[in-house]
Amino acid sequence: MNYIELLVVLLIAGIIFSVAIDSLTQVLFHFKSVLKYNSETISTFHILNYIRFDYVNHATESPNLSVGTVLGSQQFLRFSEFIEGDKKIVRYRVVGPTQGKFSLYREVYQSYGKSTILLNRRDFTLEKAISFSLSPDGRFIHINNDLYGCVKIPSNPPNVRISGIIVIKEK
């Protein structure tokens, strides 16, 4: 093998190597964007499902529901619930954006006389904004977001809680 053949082999190997590295870079870039999108959609789904589960399973029969906007930009959803035999007020607030992300606060208040005291606060980070509204007829709570559109929750959930296991004995 002479020097010209060695140069041709090295040139072809260099081209193949650069194409392989470029292909690997594109695959990794695509993989990163897919993972980011999946993370956003899954976290948004979990937040929406958490709000739905909390409202449907904990809201009282007449939940004293209110939905609206505070301070011009903060969306909120407020309802009454019974936990451990006490009536409490739950409020979800969406605040943001701060550095491109939104915060969702779940705050639990209890009435003491004429005032209310904050008992618990949980916060969640959202990639995209969500907003709360009531349907025009008041039958549904709408949770609006960019990824899933409008999620509907019945404002008066049916009272179908299962409190125990029923055992039927045969004779």
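Glu107 is buried, because its relative accessibility is 0%, where buried means under 20% relative accessible area, exposed means over 50% and partly exposed lies in between, as computed with a 1.4 Å probe and protein chains only. The model is predicted, so that local features need pLDDT of at least 70 and side-chain atom pairs count only at pLDDT 80 or more, while totals for chains, interfaces and linings use all residues. Residues are numbered from 1 along each chain as its sequence is written, and side-chain values use heavy atoms, with hydrogens and water left out.

The surroundings of Glu107 are described next. The side chain of Glu107 meets that of Arg121 in a salt bridge, with N and O 2.7 Å apart; a salt bridge is a side-chain nitrogen of Lys or Arg within 4 Å of a carboxyl oxygen of Asp or Glu. Since Arg121 lies in strand S5 and Glu107 in strand S4, the pair ties together parts that are 14 residues apart in sequence. Strands (E, at least two residues) and helices (H or I, at least four) are DSSP runs, numbered from the N terminus. Arg121 counts as partly exposed because its relative accessibility is 43%. A salt bridge also forms between the side chains of Arg91 and Glu107, again with an N to O distance of 2.7 Å. Here Arg91 belongs to strand S3 and Glu107 to strand S4, so the pair connects parts that are 16 residues apart in sequence. At 23% relative accessibility, Arg91 is partly exposed. The salt bridge between Arg121 and Glu107 has the 2.7 Å distance given above, and salt bridges that share partners join Arg91, Arg93, Glu107 and Arg121 into one network.

By the same rule, the count of salt bridges comes to seven. One of them is formed by Asp54 and Arg106, whose closest N and O atoms are 2.9 Å apart. This pair links distant parts of the chain, with Asp54 in helix H1 and Arg106 in strand S4, 52 residues apart. Both Asp54 and Arg106 are buried.

The strands named so far belong to an open sheet of five strands in the order S1-S2-S3-S4-S5, with antiparallel pairing; two strands pair if DSSP finds at least two bridges between them. Strand S1 (66–70) and strand S5 (115–126) are the edge strands, and each pairs on one side only. Neighbouring strands of this sheet are turned by 25° against each other on average, direction ignored. Such angles run from 0 to 180 degrees between N-to-C directions, and the axes are lines fitted to C-alpha atoms, for helices over the stretch in contact. In general, the strands of a sheet pair through backbone hydrogen bonds, either parallel or antiparallel.

Within this sheet, strand S3 (residues 86–98) and strand S4 (residues 101–112) pair in the antiparallel sense over nine bridges, and Lys88 stands opposite Gln110 in S4. Eleven bridges join S4 to S5, which also run antiparallel; the bridge partner of Phe102 in S5 is Leu126. The hairpin of S4 and S5 has two residues between the strands, and Gly113 takes a positive phi near 70° there. Helix H1 (residues 3–58) lies across strand S2 (74–83), S3, S4 and S5, and runs at about 40° to S2; contact means heavy atoms within 4.5 Å.

Most residues other than glycine have a negative phi, and most peptide bonds are trans. Gly96 and Pro97 are joined by a cis peptide bond with an omega of about 5°, and Pro97 is found in strand S3. Gln99, a residue other than glycine, has a positive phi near 55°. Gln99 lies in the loop between S3 and S4 and is exposed, because its relative accessible area is 81%.

A further open sheet is formed by three strands in the order S6-S7-S8, with antiparallel pairing. The edge strands are strand S6 (130–134) and strand S8 (149–154), each of which pairs on one side only. The twist averages 25° from one strand to the next. Strand S7 (residues 140–145) is joined to S8 by six bridges, and the two run antiparallel; Asn145 stands opposite Gly149 in S8.
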